[in-house]
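Subject: Structure handover

Hi,

Here is the structure I promised to pass on. My notes follow it.

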Amino acid sequence: MGSFGLILGLLLMWAIGVAFVVALPRRTPLLSTAGGLAWTVGSGAFAGAFLATIWMRALSLAGVSFGIAAIFVPLLLLGAALAWLGFRREFPDLRGALRDAANIVRGQHLQGMARVLWLALLAWLVLRFALLFAEVAWKPLYPWDSWTQWGTKARVWYELGRLVPFEAADAWLASNGTSYFDAAPHYPGTVPLLQVLASVALGRWDDALMNIPFWMLAVALSCAVYGALRAMDFGPSGALVGAWLVASLPLANVHVALAGYADLPLAAFFTIAVFAGLRWLDHHETGDAVLALLLLAACPLIKVPGRVWLLTLVPALLVAFFPRHGRKLVAAGFAVALFALLVLARTNPVILNYRLHLEFAPEWGALADSYFLLGNWHLLWYGAIAAAVFGWRQLMSPRLAPFTMVIAAGGVFLFVVFAFTNARAWVADQTTVNRATLHLAPLVTVWMLAVFRAWVQDCRALETEEHQPLAVRAA
Amino acid sequence: MSAPDGGSVASGPLATPSIARPLVLLAAALAVAATVYLAFAVPASWFPGATAKTWGARDLSLVRGTGAIVNNELVLTGVDNNGQALIALSSDLPARDYAAIAWDVRDVPATTDVRLVWRSDYAPQKVISVPVSIESEQLLPVIVVEDPGWLGRVNGLALLIRGPLSQPIRIRGVTAKPMGAVETLSDRIREWWSFERWTGTSINSVTGGADVQDLPLPLLLAVAIAATALLVWALARWRRLPRRSTLAWTIAVVFAASWGLLDARWLWNLARQTQVTAAQYAGKDWREKHRAADDGGLFAFIEQVRATLPAAPVRVFVVSDAHYFRGRAAFHLYPHNVFFESSRNVMPPPANLRAGDWLLVYQRRGVQFDPSANRLRWDNMTPISAQLKLTGPGAALFQIQ
C-alpha cells in the first residue's frame, strides 16, 4: 500500500469518526451552529481513532488477523451507515457550512490589517504543522519510553497480526513464550494500536511513518479547539487565536515531533471530552454527552493516569448538576480530601505505583523553572494566573463554573502528586512534571481565554452602566 | 458559522481597537525592563573600550591531567596523581578592562570542584583562585572585576578541576569579557536564539534556547506585560478613559504579541531542527534511517542477529552494561520474544534459561565463553551449555543447549 495507503487509511479512520459525530442524536443540526464544521471534523478524528482501536480489539478477540480487509472494510461500511444516518439531518446545512468555512479561511469577514493578521496566523499554523509532519515522517522512534514500552507492543502486534498479552517478568518467565515482555507490560494498548493501524495501512513496519496518527490528532485538536471556542461564542478571530495558542505549546509540539509517548493523545482526548461535556451542559444535546462519554472512556485505555483524570471531572459535574448545593458539595469534597491527606500521614499506601505519603516538600524552584522560566509553555501559566486574578468574579459564574472546577481539580491533582508523593523527584529532574502537566495544558489554555473573555464582558457591562445617563439608569 | 467577529479574543469590538499603541507600549516596557536588568547585571562600565578576547581549545595547555584535542574541544579524561587537572593559557589582559572570565566547558558534573586561577604582573608570585559555579553541567561566567586580586595585567589564566572525573569533560575555550551593556544584551539574545536540538530529555522539557540562561525570555516578557498593563491603567485613569476596556485590550494585544515572539523563536528552532533531521534521515527507507541513527552500529549488528535467528519468534535474553543498549537491542529484535532488564544491569538467572533460548550479549563485561567445550558462564556461576552463533564488535549471540 505504501504512503498512499497510509494517508488513505488514516483519512478513512478520520472520516468514520466524523460520520459518527454527525450521526449522534441531536435536536439542532451540528453544522448549523457556529464552528460546527470545525468541531465535527476535529472531534471526529478522536472518535474515529478510538472506534478503530476498539474494532481492532474486537478482531483480536474473535481471532481475526489484522489486515486491510479486516480493519478497514467493516469500518468503511460502518462509516457509510453512520454518514447516511447523520447526513440526512445535516445535509441541508452542509453546503452553507462549507461556504462559510471557505469564506472564513480566506478571512473575508475581516478587512485591512485584521485580515492580514488572520491570514498570517493561518500561515503560521500551516508552517508549524508542515515542520512537525516532516519531523514525524523522517525521524524513527526516538524518545526513550517510545521504544521501551509503547512501540514494543506496536511492533509485536503488527508483526503477529493480533493482540498478544504483555506480562510482568515473573509471568513472562513462566509463560513459555505465550506472552511478551517490555519495560511497562501493564500499559494500555490504544496508542500502540493506532501505530499498528498505521502500519497495516502502510503495508510494512516503519517506526517513523507509523506515528503519523500523532500528527493527525494534533491537527484535529486545533480544529476542535477552534470549534469549541466558536461554540463558546468566541468570534472566528478569537477562536483562531485560541487554536493557535493550543497548537503552539512547545511541549505539545515536541510530543508530535518526537512522537511515541501517550501523553499528548491522553491530553487531546481528555480536552475534547471536556469540551463535549461542556457543550452538553450548555445545549443539552444527547450527542455531545455520548461523544464526551466515548472519549472519556478512551482516557484510561490510553494511559493509566487517565483514570485519575476522569475523577477530576467529579467536582465539575457536582457544580453543574446541583447548582444550588454543588459548591458546598465541592467544598466538602476538598475538605474530605484534606482529611484524607492527613490520614495518609499515618499510613504508607501505594496507588498506581505512586507511593502516597504526606511529606509536604514540593520542589518549588524546579516547579517555577518548569512553568515560568523554561520554554515548555510559553506564557501559559503567567496568563492563567493573570486571568484567574482579573476574572475571579466570573470564575464561578454559571457558565464557567464547571470548566473552572475541571481546571481546579486537575491542578489540585497535579499539585498533590508532585508535592506529597515520591513523584516530586520528577519535578526536581524536570522529567514527568511537564508530561503530566501536558494532560491539562490545552484545557488551561482555553479556560484562560474563556475567563479573560468573561472579564472583558464584565468590564464592558460596568463601563456601559457607568456611562449611561442617570435618567436612563434610573429607568 | 455566522457569529459576528470583531477581530479580537472577545466576540465583539473592544473600546480601543488600536494594535499599534499597545505594541509601542510593550516595546517601551521591554526597554525599561532590559535597562533595569542591565543595572544589576553589568558589573563595571556600561560602555567599555575593550572588546572580548577568546581562546580556543587549541590555545590551551593541559598542564596536569590527561586528555586530547577532539573536534576542536579539549576532552579531559583524567586527573593526575593528586586528583587534579589544570588547563592553562598565557594571556595579556589589562584587568581593569575585563570584568568576567567565561569558560566554555561542557559535561561538568554538578559536584565537581572547579576553580578559576590567575596571576598578574601586580603580584607575580601570587596565584589567585576563585570557585566557578556549575549549572546544567556547564561553567557559569566568573565576575572577577570585584575580586581584590584582579589587578594589573593578567598574564596567566587557568582552570583547576579536582577529580575524580565520572565522565570526560569537554573544554571548548575561554573568553575574557568586558561585560558592557551591549555585550551583556548580545549574550542574552544569543542565549535565547541558541539552537536547542533534540536530545534524550527533549520529550520531558524544553529549555527555550541555551541550556543556561541568565535572563529567561518568558520572564522578561511577563515583566514587560505587567509593566505595560500598569502603565495603561495609570494613563487611562489620568486621561479619564474607560479604564477596564483599555486595559483588557492592551493586555490581549501585548500578551498575544509576546506569545508570538516566543513562538517565533520556538518555530525558528523547530525549522533548524527539521534541517538537521532532514540531513540525517530524508530520502532513506526504514532500515537506512536506523543505520544513520545514533545507534546505527547496534542496529547493523541486530540485523545480523535477526538473520541468524529462526523466522518464527523465539525467546531472546538481551544483556548489556548500558541500559540504553539493552532497550534498543530488544526493540530492534521484536517480534522475537525478548526479555531485557530495563533498569538493572544483571544477567538472567541460569534457571530461567531453557534449551533453545537465545542470549544476546552486547558490550557486557563478565561473560565468558569456552568454545572448545561450548560452555558459557558469568558471575562465577556454574557454566551452562551454549553454542556461539554469531559474533560482532563486543557482541555475541548464543543459543542455550
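Angles under 35 degrees count as roughly parallel, over 145 as roughly antiparallel, 65 to 115 as roughly perpendicular and the rest as oblique.

Before the details, the ground rules. This is a predicted model: local features need pLDDT of at least 70, side-chain atom pairs count only at pLDDT 80 or more, and totals for chains, interfaces and linings use all residues. Residues are numbered from 1 along each chain as its sequence is written, chains are lettered from A and ligands numbered from 1 in the order in which they are written, and side-chain values use heavy atoms, with hydrogens and water left out.

**The α4–α8 pair, chain A**

Axes here are lines fitted to C-alpha atoms, for helices over the stretch in contact, and angles run from 0 to 180 degrees between N-to-C directions. α4(A) passes α8(A) in a right-handed crossing. (Right-handed means that the near helix is turned clockwise from the far one by less than a right angle; left-handed means anticlockwise.)

From α4(A), the contact uses A:W118, A:F129, A:L132, A:F133, A:V136 and A:A137. From α8(A) come A:I212, A:W215, A:A218, A:V219, A:S222 and A:Y226. Contact means heavy atoms within 4.5 Å. The contact residues divide into 11 nonpolar, one polar and no charged. (Ala, Val, Leu, Ile, Met, Phe, Trp, Tyr, Cys and Pro count as nonpolar; Asp, Glu, Lys and Arg as charged; the others, Gly among them, as polar.)

**The α11–α12 pair, chain A**

Helix α11 (residues 263–283) of chain A packs on helix α12 (residues 286–302) of chain A at about 155°, with the axes 8 Å apart. That makes α11(A) roughly antiparallel to α12(A). The crossing of α11(A) with α12(A) is left-handed. Residues of α11(A) in the contact include A:F269, A:F270 and A:W280. Those of α12(A) include A:L291, A:L295 and A:I302. The contact of α11(A) with α12(A) divides into 16 nonpolar, one polar and two charged residues.

Two residues from these helices:

- A:A267 sits in helix α11 of chain A. A:A267 is buried, at 1% relative accessible area. (Buried means under 20%, exposed over 50%, partly exposed in between, with a 1.4 Å probe and protein chains only.) Neighbours within four places in sequence aside, A:A267 is in contact with A:L438, A:H439 and A:P442.
- A:L301 lies in helix α12 of chain A. A:L301 is partly exposed, at 33% relative accessibility. With neighbours within four places in sequence again left out, A:L301 is in contact with A:F50, A:R57, A:P188, A:G189 and A:T190.

**Helix α7, chain B**

How many of the 11 residues of helix α7 (residues 323–333) of chain B are buried? Eight are, so α7(B) is largely enclosed by the rest of the structure. Among the buried residues are B:R326, B:R328, B:F331 and B:H332. The buried residues of α7(B) pack against elements that include α5 (144–160) of chain A, and α6 (296–308) and β14 (315–319) of chain B.

A cis peptide bond joins B:Y334 and B:P335, with omega about 15°. B:P335 lies in the loop between α7 and β15 of chain B.

**Cysteines and positive phi**

(A disulfide is a pair of cysteine sulfur atoms within 2.5 Å.) For A:C223, the nearest cysteine sulfur is that of A:C299, 20 Å away. A:C223 is partly exposed, at 27%. A:C459 is buried, at 2%.

Two non-glycine residues have positive phi:

- A:N176, with phi near 55°, is in the loop between α6 (169–175) and α7 (190–202) of chain A. A:N176 is exposed, at 53%.
- A:D233, with phi near 75°, is in the loop between α8 and α9 (236–247) of chain A. A:D233 is partly exposed, at 44%.

Best wishes

Key
Helix = DSSP H or I, 4+ residues; strand = E, 2+ residues; numbered from the N terminus.
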